[in-house]
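The report that follows goes through one protein chain, moving from a single side chain to the wider architecture. Please keep the sequence and the model in view while reading.

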Amino acid sequence: GIHGTSPWEELEGQVLLGGKGFVERFKGLLQEKAAIKEIPRQQRFAGRPSLREIFPDTHFAEKQKRNDSILFAHLKYGYTLKEIADSLGIHYATVSKIVQKMEKKM
């Protein structure tokens, strides 16, 4: 209604408007488009888990687990190094070094 919240605030990745189940059904289609650079990042990765979900504990006891999560967030879900760094409270250059090191191991 007129006095309710705007439905545009509920958009997932600028393209999907619906409940969790609806968004889940479209994830597969969106993942196929993840490599197409002409589609804005936010739209390509609509429905991705939040960084808070990927990093539920920002004080990792194991650095290897943290590093694995950093690589996963960057490569699978397209989060930028800065977004990951801000979420973890570390410098983006540190995240960059971790990603480079982890990619060499692969």
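## A buried asparagine and its surroundings

Setting aside residues up to four places away in sequence, Asn67 touches Ile98 and Met102. Asn67 has its place in helix α4, and with a relative accessible area of 11% this residue is buried.

The chain as a whole contains 6 helices and 0 strands, so that, read from the N terminus on, its elements run α-α-α-α-α-α. Buried residues account for 27% of the 106 residues in the chain. Among contacts between residues at least 6 apart in sequence, 53% join residues that are at least 24 apart.

**The nonpolar core**

The largest nonpolar core has 15 residues, and those that touch the most other members are Leu51, Ile54, Phe55, Ile70, Ala73, Tyr79 and Ile84. Two or more residues are given to this core by each of the elements α3, α4, α5 and α6, and the largest share, 4 residues, comes from α6. As general background, nonpolar side chains in soluble globular proteins tend to be buried together.

Helix α5 spans residues 81–88, and its buried residues are Ile84, Ala85 and Leu88. Seen down the axis of α5, these buried residues fall within an arc of 100 degrees, and they therefore line one face of the helix. The partners against which the buried residues of α5 pack are α3 (51–54), α4 (63–75) and α6 (92–105).

What does the face of α5 turned away from its buried side carry? That face bears the exposed residues Lys82 and Asp86, which lie 4 residues apart in the helix, or about one turn. Lys82 forms a salt bridge with Asp86, with the closest N and O atoms 3.0 Å apart, and a search of the whole structure finds 1 salt bridge. In general terms, side chains of opposite charge can pair when their charged atoms come close. Just after α5, Gly89 takes a positive phi of about 75 degrees.

**An aromatic pair**

The count of aromatic pairs comes to 1. Phe72 and Tyr77 form this pair, which is edge-to-face, with 5.2 Å from centre to centre and 80 degrees between the planes.

| Residue | State | Relative accessible area |
|---|---|---|
| Asn67 | buried | 11% |
| Phe72 | partly exposed | 38% |
| Tyr77 | buried | 15% |

Tyr77 counts as buried because its relative accessible area of 15% falls under the 20% cut-off, whereas Phe72, at 38%, is partly exposed.

**Confidence along the chain**

The chain averages a pLDDT of 81, and 84% of the residues score at least 70. Confidence is lowest in helix α1 (residues 20–32), where the mean is 71, and highest in α5, at 94. Where pLDDT is low, the predicted coordinates should not be read in detail.

Key. Residues numbered from 1 in each chain as written. Heavy atoms only, no water. Phe/Tyr/Trp six-rings, centres within 6.5 Å; stacked < 30°, edge-to-face > 60°. Buried < 20%, exposed > 50% of the residue type's maximum accessible area, 1.4 Å probe, protein only. Arc of directions from axis to C-beta. Contact = heavy atoms within 4.5 Å. pLDDT = per-residue confidence, 0-100. Salt bridge = Lys/Arg side-chain N within 4 Å of Asp/Glu carboxyl O. Core = buried A, V, L, I, M, F, W, Y, C linked by side-chain atoms within 4.5 Å.
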